[in-house]
Amino acid sequence: MSEVMQSQKESNSSALSFHTQKDRKDLVFVNFGPSHPATHGTLRVLCALDGETIVAGIPEMGYLHRGFEKDCEVHPYTQCIPYTDRLNYLSAIMNNVGFCKAVETMLNVEIPERVITIRVLMCELNRIIDHLVCVGTNLVDLGALTNFWYAFNPRESVYNILEKVCGARLTSNYIRIGGLSRDLYPGFETEVEAVLDEVMVGVEDMEKMIENNRIFLERTQNIGVLSAEDAISFGWTGPTLRASGVESDLRKSEPYYGYETYDFDIVLGSAGDTYDRIYVRFYEIRESIKIIRQALKRLKPGPIMTADKRVALPPKEMTYGNIEGLMNHFKNIMHGILPPMGEIYDATEAANGELGFHIVSDGGKNPYRVKCRAPSVMNYAAYQQLIEGGMIADAIAILGSINVVAGELDR
Amino acid sequence: MGMNPQTINEFPVITTRREEVIAWGRKNSLWPIPFGTACCAIEFMGAISSVFDISRFGAELVRFSPRQCDLMIVAGTITHKMAPILKEIYDQMSDPKWVISMGVCASSGGFYQNYCTVQGIDHLIPVDVYIAGCPPRPEAVFDAVIRLQDKLENKVEGKIPPAQFQAVERRFDY
Amino acid sequence: MLTNTELQEKIKSLLPGAVIGMTDTYGIVDVETNQKLPQLIQILRDDSSLKFDMLLDIVGVDYSEYPEDKPERYGVIYHFKSLAHGHRLMVRIYLDEDEPEVGSIHDLYKNANWLEREVYDQYGVKFLNHPNLKRLLNHVQFVGHPLRKDYPITREQWLTETDDLMDEMDVRLREKGYR
């Protein structure tokens, strides 16, 4: 649609205006962000506008660069886990799982069955709340204010559950290397079932409100189209890539934590526009609900921390009872977790795409280097191509749909 | 509020002080500008949402233009790259204005003690209320708004200190 | 999908003189290469049985305090994935301390532009023929490269004025035909 507008403009330029040459003095420079209600965090785009059309846009990032990578080099592995919480703060447990999975692979630690099921369950719950925020804020930017509440109210119920399990609503710090920090509380299963019903009601209400709404359809269909080749070249993964029609999901292609035994589908879009990106998220919420229901049936009682002595603290009777337990405890606390020397890259399917951690270990208790491969960086790198030639109101709709989370983008 | 209801020719009348009426109007209609950068902004959104409902305290009209606001809630980490922008938005707000620093990152840098994080926004702008927490619960935001309302009326812990009342009365510039 | 041994065989024979070493790091083939990196990556992307069409990440590492001896101080590691076939690859190059330079691959993958800018920002590695090698994460008045091991973590640098980005805008407008 934007190419049609552009060519019309060029051919009728003498009819519409007296200028036949493109002149800089006709342009208005508008700074979109970094303090802006629709930028969802601290992004900045300097736009050159010709009327409502964006002629050129320069995106900038780094306004929330908090030094995650340098901080990880001076903290032991377990103390890096709260830093990973704040990367994609909408779905904190997925970042924890990504980091701990990489360290556990380096150490070759065997995790108990119950831990695997609970990690899958919590990851899918976090995926649901991440998608709810993305869709809710995207619709608010388009003007559909009620959807914001319909998206956030089920989130509060999920937060109540997360608070009872982890201790905190947002920054959970729940996963430890080798297991979990604490077990689930009694009554967890019934509460999760109730919450899933509430989420379904919220999603269905939102869909009913927007699916035949002409404003929504005209503002999202064929806006911000990215073809499959471009999406792959930009390194897009996750729901944005699936909306462009490419079948790529790490849970199916390189399954981990038993994902190959769960029954769920990959949601694909066809056009790669904003409409597809929103609707892929709606359907992914449904798929996550399916996975959670299957995981709840598989929950069996068991240990929540591995028995591997290099990683896990011994039970208290051993610590206070005999000298070997005391020495084990002392060594794990003072010397920390010591993975062997080497480099690893391990990735999981987070809510935004492939979240990878490249960890270089020098055999000491602090990692030598941690690099977080954040999917938001790739999503935002394509932003310049997506908005140029379109209108500034469309730029806001597109930004919401590519789900740039500033904590992950700037690390 | 020190009201003395009376009637003059059967018409109900309340007598009070000018400062009290103005403070009552200001405290119940704080218009916040959420300068939200990171995770605390999500908790602030939770505070605005209908489950926790900040509009009970009158502070529901979040405007993103600094000229239309009087309360700036800095929610999230402020990095050195963001610092000039924070100062500029604060300068653009018109008096009287108040600042709530939400979360430990805004109050003191949080656990990011490194080359890129400002160790507390009070290096840049004057702060009225600090909220601790990472992130603070929405109820903590309400506690801060209530303390700010008390501060607006020159009350300490809900009571007006008698000796200080005369001295601080002149601080308001109408 | 090619197994790791098949991948190693295939990549050794691709470009003579490009592959210096090859290992297997926790299940991913790790290829060490020299300054012929852009040509090697182009062949890796275009070859039909390899088809590494997605650049996942570019990681910079400063090996100056590493206990094992590495050939040079800086390492730049490229992560690739093939969506068509499903295999993964790591390509690394070691760059020396005084003039860390390597050819840019921004014309092969569109996200390499920003990923290379980030490595330049944090480590000071220069990418030749890069269209816009500016800082990405740190502010415009920052001096030094913070992720290097000799940069102390608590050294803060204040910014007095935000970058107005008009230099990049001028270039972009000229590309679009505005004078």
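**A chat about chain C**

Guide: Let's start with one pair of residues: C:Val76 has C:Ile93, in strand 5 of chain C, as its bridge partner. Keep in mind that this is a predicted model.

Visitor: Okay! How many bridges join strand 4 to strand 5 of chain C?

Guide: Eight, between residues 74–81 of strand 4 and residues 88–95 of strand 5, and the two strands run antiparallel.

Visitor: And what order do the strands take in the open sheet of chain C?

Guide: The order is 1-2-5-4-3, five strands with mixed pairing.

Visitor: Which strands stand at the edges?

Guide: Strand 1 (19–25) and strand 3 of chain C; each has a single partner strand, so one side of each has no neighbour in the sheet. On average, neighbouring strands here are turned by 20 degrees against each other, direction ignored.

Visitor: What does helix 1 of chain C lie across?

Guide: Helix 1 (residues 4–12) lies across strand 1, strand 2 (28–33) and strand 5 of chain C, at about 170 degrees to strand 1. Helix 3 (residues 112–123) packs on the sheet too, touching strand 3 and strand 4 of chain C, and its direction makes about 5 degrees with that of strand 3.

Visitor: New topic: how many residues of chain C are in contact with chain A?

Guide: 36 residues of chain C are in contact with 43 of chain A. Strand 3 of chain C gives the largest share of that side, six residues. The side of chain C that touches chain A divides into 22 nonpolar, six polar and eight charged residues.

Visitor: How many helices and strands does chain C have?

Guide: Four helices and seven strands. Of its 179 residues, 39% count as buried.

Terms used
Residues numbered from 1 in each chain as written. Chains lettered and ligands numbered in written order. Predicted model: local features only at pLDDT ≥ 70, side-chain atom pairs only at ≥ 80, totals over all residues. Buried ≥ 20, exposed ≤ 12 C-beta atoms within 10 Å, placed from the backbone. Contact = placed C-beta atoms within 7 Å. Nonpolar A, V, L, I, M, F, W, Y, C, P; charged D, E, K, R; others polar. Pairing = 2+ DSSP bridges. Axes fitted to C-alpha atoms, helices over the stretch in contact; angles between N-to-C directions.
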